[in-house]
Amino acid sequence: MSISIHGVSKHFGKFKALDRVSLDIATGSLTALLGPSGSGKTTLLRIVAGLETPDAGTVHFAGEDATRRSARERNVGFVFQHYALFRHMNVFENLAFGLRVRRWPRDRVKQRVHELLQLIQLAGLEKRYPSQLSGGQRQRVALARALAPEPKLLLLDEPFGALDAKVRQELRVWLRRLHDDLHVTSVFVTHDQEEAFETADQVVVMHQGRVEQIGTPAHVFEHPANPFVMSFLGNVNIFHGRIHEGRPLFEKPEPPASPAKVYIRPHELEIHRSANGVPSLRAKVVHVRPAGAVAKVQLLAEESEALINVDLSPESFADLALQTGDLVHVSPKNYRVFEPDYSI
């Protein structure tokens with residue numbers, strides 16, 4: 001089922017949670033609503049679910065206006081961050097509950113529950129209670145319960161936020177495989193860039209109730225639409241300077257030239273022992289952390305005294321043999337420039 005959201009706005013008192021949001025979600029896709037706290041992503045999800053009503057705008061399911069339909073009429077499965085399982089019911093009864101409310105035949109309920117147990121890889125644990133399951137197992141049961149009545153749309157609100165990092169990583173992989181098997185149109189809310197990029201087909205970056213950018217994970221990361229998207233999606237160094245003949249110059253602009261902010265991610269910088277004829281900054285090494293797959297180096301720019309973060313491959317780090325206090329030159333391999341009303 002496709003979803004089309006047109007000009008949706010929502011206020012809570014004087015607070016504007018959503019400001020004329022428009023968005024299309026393709027049938028069978030997995031879309032991530034990504035943004036910081038207060039960006040409006042959960043409010044938008046609840047409006048799609050029918051748990052909130054917009055002040056303005058419409059929501060269409062498969063081309064039909066669903067804006068005023070109740071949550072029950074929308075045939076939507078909803079997964080919450082904190083499981084919301086019935087503690088006094090075992091796994092089987094938790095999965096069967098929604099089906100019995102819908103008056104499914106007893107044999108069909110039993111068949112569907114066993115299908116779901118196989119799907120979430122918990123066959124044999126149907127008699128356990130939520131307190132006897134791990135956090136990851138409880139969240140899989142919550143997801144299966146949402147899928148039990150065969151919804152056309154699956155909505156997930158920070159589904160892995162209450163879990164530790166290792167379990168979140170495992171469940172991200174599992175959710176992506178599950179989606180590829182079921183192809184149910186799915187939308188999930190997250191503030192975790194890595195989670196969105198690893199799992200989703202489409203990423204919707206939100207900020208202050210507005211959509212800042214929509215695209216595939218690769219496109220949004222490589223071609224950020226504005227400074228907010230650039231800064232939100234991972235670490236970034238911001239330099240103040242100007243552009244000359246298509247290259248960044250890390251110096252104050254002379255009138256009438258206008259200032260520009262140059263955004264460079266840590267892995268897009270190179271360190272050299274000496275100037276090599278390209279625009280560069282002279283800086284002092286203040287901290288090195290060579291452990292792991294990436295060597296992290298922190299520098300202090302000699303002129304501006306700004307801190308610069310650089311990520312190097314272990315091989316490059318070993319070749320440079322950097323030590324705290326070394327004077328080096330830093331130059332960009334890639335960069336983005338954002339000026340008022342202008343971007344590259």
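A reminder to myself before anything else: this is a predicted model.

**Entry 1, helix α4.** I began with what covers the buried residues of α4, and found that the cover includes β6 (76–79), α2 (91–101), α3 (106–119), β7 (153–157) and α5 (165–182). Next I went through burial along α4: twelve of its 13 residues are buried, so the helix is largely enclosed by the rest of the structure. Among the buried ones I noted Gly 135, Gly 136, Arg 140, Arg 145 and Leu 147. I also checked the length of α4, residues 135–147: at 1.5 Å a residue it should span 18 Å, and its end C-alpha atoms are 19 Å apart, which agrees.

I then turned to two of the covering helices. The axes of α2 and α3 come within 10 Å and cross at roughly 130°, so I put the pair down as oblique. Their crossing is right-handed. On the α2 side the contact is made by Val 91, Phe 92, Leu 95, Ala 96, Leu 99 and Arg 100, and on the α3 side by Val 109, Lys 110, Arg 112, Val 113, His 114, Leu 116 and Leu 117. By type, I sorted the residues of this contact into nine nonpolar, one polar and three charged.

Last, I looked up Ile 214, which sits in strand β10 (residues 210–215). Is Ile 214 buried, exposed or partly exposed? Its relative accessibility is 35%, so it counts as partly exposed. Leaving out residues up to four places away in sequence, Ile 214 touches Ser 22, Leu 23, Gln 202, Val 203, Val 204 and Val 220. From Arg 72, Ile 214 is 142 residues away in sequence and 29 Å away in space, C-alpha to C-alpha.

How values were computed:
Residues are numbered from 1 along each chain as its sequence is written. This is a predicted model: local features need pLDDT of at least 70, side-chain atom pairs count only at pLDDT 80 or more; totals for chains, interfaces and linings use all residues. Side-chain values use heavy atoms; hydrogens and water are left out. Helices (H or I, at least four residues) and strands (E, at least two) are DSSP runs, numbered from the N terminus. The expected span of a helix is 1.5 Å times one less than its number of residues. Buried means under 20% relative accessible area, exposed over 50%, partly exposed in between (1.4 Å probe, protein chains only). Contact means heavy atoms within 4.5 Å. Axes are lines fitted to C-alpha atoms, for helices over the stretch in contact, and angles run from 0 to 180 degrees between N-to-C directions. Angles under 35 degrees count as roughly parallel, over 145 as roughly antiparallel, 65 to 115 as roughly perpendicular and the rest as oblique. A crossing is left-handed if the near helix is turned anticlockwise from the far one by less than a right angle, and right-handed if clockwise. Ala, Val, Leu, Ile, Met, Phe, Trp, Tyr, Cys and Pro count as nonpolar, Asp, Glu, Lys and Arg as charged, and the others, Gly among them, as polar.
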